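This briefing covers the pockets of a protein chain and one of its helix pairs. Please have the model open while reading.

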Amino acid sequence: MKPRFNLLQAVPQAYKPFLELDKMLSDTQLDKIQREMIKIRTSQINGCAYCLNVHTKDALKYGERQERIFVMSAWREARNWFSEQDQVILELTEQITLISKHGVSDELFEKAVATFGEVTVAQIILAIVSMNAWNRMAISFGKHPE
């Protein structure tokens with residue numbers, strides 16, 4: 001796919017609400033690696049090469065291990081590399097990103113609240129929703145890795 005027109009040139013205020021949401025989400029109970037994990041897993045599911053390129057580099061910069069990035073799409077087979085919190089985050093990321101398939105299960109939602117509490121679960125969900133929006137904009141407008 002070739003690059004398409006620039007969204008910011010067409011609608012200059014388009015990114016503002018998304019940037020404000022991301023700014024709010026930068027001050028949560030989640031650490032930087034957990035936030036990047038959401039971005040990476042969402043981008044893997046959505047097939048956003050641009051976002052994968054950006055967020056795997058960011059995760060490495062924040063101290064994420066390469067091995068965890070390499071196996072993140074198959075995390076169920078590498079559970080010992082991911083904490084219980086990480087597994088809940090990855091499962092929520094998958095269910096929300098693929099929400100049209102089965103929704104978000106009550107079991108997972110209850111486990112997430114028991115693991116993190118309501119405020120942090122809300123923040124996790126907003127981070128997943130935000131990344132899905134960024135993926136959809138990048139893919140729709142033909143953004144590619146540099």
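**Pockets and a helix pair**

In this predicted model, the lining of the largest pocket takes at least two residues from each of helix H1 (7-10), helix H2 (16-25), H3, helix H4 (49-61) and helix H9 (118-140). H9 gives the largest share, six residues.

**Largest pocket**

- The largest pocket holds about 670 Å³ of space.
- Its lining has 30 residues, and the closest to the pocket centre are Tyr15, Tyr50, Cys51, His55 and Trp134.
- By class, the lining of the largest pocket has 17 nonpolar, five polar and eight charged residues.

**Second largest pocket**

- The space in the second largest pocket is about 150 Å³.
- H6 and helix H8 (106-116) each supply at least two residues of its lining.
- The residues lining the second largest pocket are Trp75, Arg79, Gln87, Val88, Glu91, Ser105, Glu107, Leu108 and Lys111.
- These divide into three nonpolar, two polar and four charged.

**H3 against H6**

- H3 packs with helix H6 (residues 84-97) at an angle of about 35°, and the axes are 10 Å apart.
- The crossing of H3 and H6 is right-handed.
- On the H3 side the contact includes Met37, Ile38, Arg41 and Ile45; on the H6 side it includes Ile89, Leu90, Thr93 and Glu94.
- Five nonpolar, six polar and three charged residues make up the contact of H3 with H6.

**Isoleucine 45**

- Isoleucine 45 lies in helix H3 (residues 32-46).
- Because its relative accessible area is 23%, isoleucine 45 counts as partly exposed.
- Leaving out residues up to four places away in sequence, isoleucine 45 touches Thr93, Glu94, Thr97 and Leu98.
- Its C-alpha atom is 9.6 Å from that of asparagine 132, which is 87 residues apart from isoleucine 45 along the chain.

Key
Residues numbered from 1 in each chain as written. Predicted model: local features only at pLDDT ≥ 70, side-chain atom pairs only at ≥ 80, totals over all residues. Heavy atoms only, no water. Helix = DSSP H or I, 4+ residues; strand = E, 2+ residues; numbered from the N terminus. Buried < 20%, exposed > 50% of the residue type's maximum accessible area, 1.4 Å probe, protein only. Contact = heavy atoms within 4.5 Å. Axes fitted to C-alpha atoms, helices over the stretch in contact; angles between N-to-C directions. Left-handed = near helix turned anticlockwise from the far one by under 90°. Nonpolar A, V, L, I, M, F, W, Y, C, P; charged D, E, K, R; others polar. 1 Å grid on protein atoms, 1.4 Å probe; cavity = no way out; pocket = protein on both sides within 12 Å on 5 of 7 lines; lining within 4 Å. Points joined across faces, edges and corners; volume = space filled by probe spheres on them.
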